Amino acid sequence: MERYVNIDNLSVGYDGKVLIHDINLQLDKGLILTLIGPNGAGKSTILKTLARHLQALGGAVYIGGQKISAWSAKEMARQMAVVLTERVRLELTTCAEVVAMGRHPYTNLLGKLTPEDITAVAEALERVHAMDLANRDFATLSDGQRQRVMLARAICQQPDIIVLDEPTAYLDIRHKIEILDILRNMAQEKQITVVMSLHEIDLAMKVSDYLLCVKGETITAFGTPEQILQQYSIEKLFDLQTGCYNPFFGSVELSKPCGKPQLFVIAGGGYGVSFYRGLQKRRIPFATGVLFENDIDYQVAKTLSDCVVSTPAFTPMKEEQYNYAAQLLLDCPAVVDAGAPIGALNQINTRLLSLAREKQIPILTQLS
Amino acid sequence: MKTKNTTLPLDNSPVLRFGNTGVFLMVMVLLLACLLMGLMLNVNIGSVSISAGEVFHMLIQGIRYGIANLFTNGAYGQALQNEINAATESQILFSIRIPRMLLAAVLGGALSISGYLLQVFFRNPIAGPFELGISSGAKMVVGVTLIFLAQYLGNISSLTLILAAFLGSLLITCVVLLFSQRVQNMSMLLVIGIMVGYICSAVTDFCITFADDHDIVNLTNWSMGSFSGANWDHVKIAVCICLFGLAAASLSAKSISAYALGETYAKSMGINVKLFRLVLILISSILSACVTAFAGPISFVGVAVPHITRTLLKTSKPLYMIPATFLCGAVFCVFCDLLARTVFAPTELKIGTVTSVFGAPIVIYMMVNRKKMEGV
């Protein structure tokens, strides 16, 4: 069966020079597709080609079974709305007027707004929770408010598909969440298909039905966020040499301090994270243990240290781990006790502390 | 005054306002009143002062015969001529003052619209036909036409002048356009325009220096920059061209509002941006060419008037801005012409001198406050 969006062997680029070729994907109506990838990879180029701001250099895009290059400008405007990154400079224009511009493809020669148009404007403003901004001057808005109003303008165009280029750029975390929630609701309730680019991979994973990884001359991966996570590493996509991206939490760790461990951190249960990060900031290499592999501490520790003593989840720690940890500990001039709780399965950590006391290695409970 | 507000079907939602119609109507009425007052003053005041009662009487007579003449295919032409020739006052009134003030009004409006369209085009509130050197370019081509082509063309009609001015306007607009792609800064565009204007003036001066005295006479009269040479033929042509320009601009209002968001947004709303930009440049050039052809380059009206109008209207809505700008430009020029004519009578000032005195401070004010205007 024909899918709603069908991108067939599309080549995109500027000035006749192909940047990315052989883009193939299908998407159903009412789903969210997000393009992720490093800066300059061509996310915007693909979006611009979809929106016909750039000419396709090969292949074709079909929406609802129709080739979009065959649409008239007006037809296109009724099917697709865009939200761009470029800053809009307007003076003495109210937000209601900005949103009403979305009615352009529907109004008459002079742009007179009918009652239906005005209802559409009101609904769009309501949908982005910007009703209180309606009569404010657009120039006086904050970035987050502007973005919501521009989204309302796109919604007001009553398209079947919305293309957004980095809708969360410049926004703080609260407004990022707001915008993405609105998009999710629109996709769910109005069956509007959303194609956008995002820089925040963690948010992209959470909001999207499909991800498209853009890097190099062809598409590197396409699939559901779960599929992408399994088969493809974000570090590879962004060429992360230093630092690390944790797909579980969508969190980023900075580069690990190199060299021989200076401290041994006895941690677990999340007590170690702030110590690890504190040591990373001071560029002090450390060893840590003994951690269960399902521990939050383990997720952070393995990206910040080369010497992590760990044990599989839910199994008691073994002597061999104790020996390894003890060896690392004895090589360090000091030990940090993160204050992690000790239970039946991690008695070894108590033994490590006693060992440190016995050998008169200083034990710190906080980083100075 | 009743404003056109539309309530929403949703509860607890504020009333949406799409440009304040009440303010617009009020401003229009105010401007119309000012225009009428300006026209009355213009007709009254002069080296021969004619009382308001007389003016009124003569006007009624003139209009009566004029209309009768129109409908009877010239039967009343003689009567109209007699009425005009009856007294020196009526001669002054009908052959000098009325055409002059009408021309001032129409061309003032045209110049302002031309400036407004350029501001839309360059997305720059300090663009105007004079400021970007376009008027000087028109003058240059007109000058060249008068000096070098007069002998081949024989008698130079006002249409030829307009055509020459139009070519000059288009030429310089294209030059400025080429430069504008390389500069992002609003003030830089203005500087380039002024420089281009100087180059055009230099070329014009160069031509004058090496031209015959006979040809220069034509030119200096014309390039004085004043409405003093106005006659009814000029008025007819100017009115036709300017009304066309006004209508064309009004029809573009919808696209202008979308274009304000930026080129890509405009495109995504179904506007043929290339065609729209071409139309803007053509209308703007026709209007400024018409002004330059009849009155020479007039400075600062194109920038100052749209700014005043925007401040009065408190909205940028093009559908309101266009008629209000036209009217405001008419008022501005009628009063400036009145001053030019009367302040140092019998010596007449250039109209550009007066418009500069009032317009330039406004432009300076806008430049100083441009950070605020950029809305960032």
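**View 1. Domains of chain A in the predicted model.** Taken over C-alpha atoms, the centres of domain 1 and domain 2 of chain A lie 46 Å apart.

**View 2. Strand β6 of chain A and its partner β7.** Strand β6(A) spans residues 80-83. Met80(A) and Val82(A) point one way from β6(A). Ala81(A) and Val83(A) point the other way. In a regular strand, side chains alternate between the two faces of the sheet. Met80(A), Ala81(A), Val82(A) and Val83(A) are all buried. β6(A) pairs with strand β7(A), residues 161-165, in the parallel sense. The pairing runs over 4 bridges. Ile161(A) in β7(A) is the bridge partner of Met80(A).

**View 3. The interface of chain B and chain A.** Here 41 residues of chain B contact 47 residues of chain A. The two chains bury about 3,600 Å² between them. Carbon and sulfur atoms account for 63% of that area. Phe18(B), Lys254(B) and Tyr265(B) supply 21% of the area that chain B buries against chain A, more than any other three residues.

**View 4. Polar links between chain B and chain A.** The rule finds 1 salt bridge across the interface. The side chains of Glu91(A) and Arg310(B) meet in a salt bridge, at 3.4 Å from N to O. On the side of chain B that touches chain A, helices α9 (232-251), α10 (253-259) and α11 (263-268) each supply at least two residues. α11(B) gives the most to that side, with 5 residues.

How values were computed: Residues are numbered from 1 along each chain as its sequence is written. Chains are lettered from A and ligands numbered from 1 in the order in which they are written. This is a predicted model: local features need pLDDT of at least 70, side-chain atom pairs count only at pLDDT 80 or more; totals for chains, interfaces and linings use all residues. Side-chain values use heavy atoms; hydrogens and water are left out. Buried means under 20% relative accessible area, exposed over 50%, partly exposed in between (1.4 Å probe, protein chains only). Two strands pair if DSSP finds at least two bridges between them. Domain bounds come from an automatic or database domain assignment. Contact means heavy atoms within 4.5 Å. Buried area is the accessible area (1.4 Å probe) that two parts lose on being put together, summed over both. A salt bridge is a side-chain nitrogen of Lys or Arg within 4 Å of a carboxyl oxygen of Asp or Glu. A polar contact is a pair of N or O atoms within 3.5 Å; within protein, one must be able to donate a hydrogen and the other to accept it, and residues adjacent in sequence count only if both atoms are side-chain atoms.
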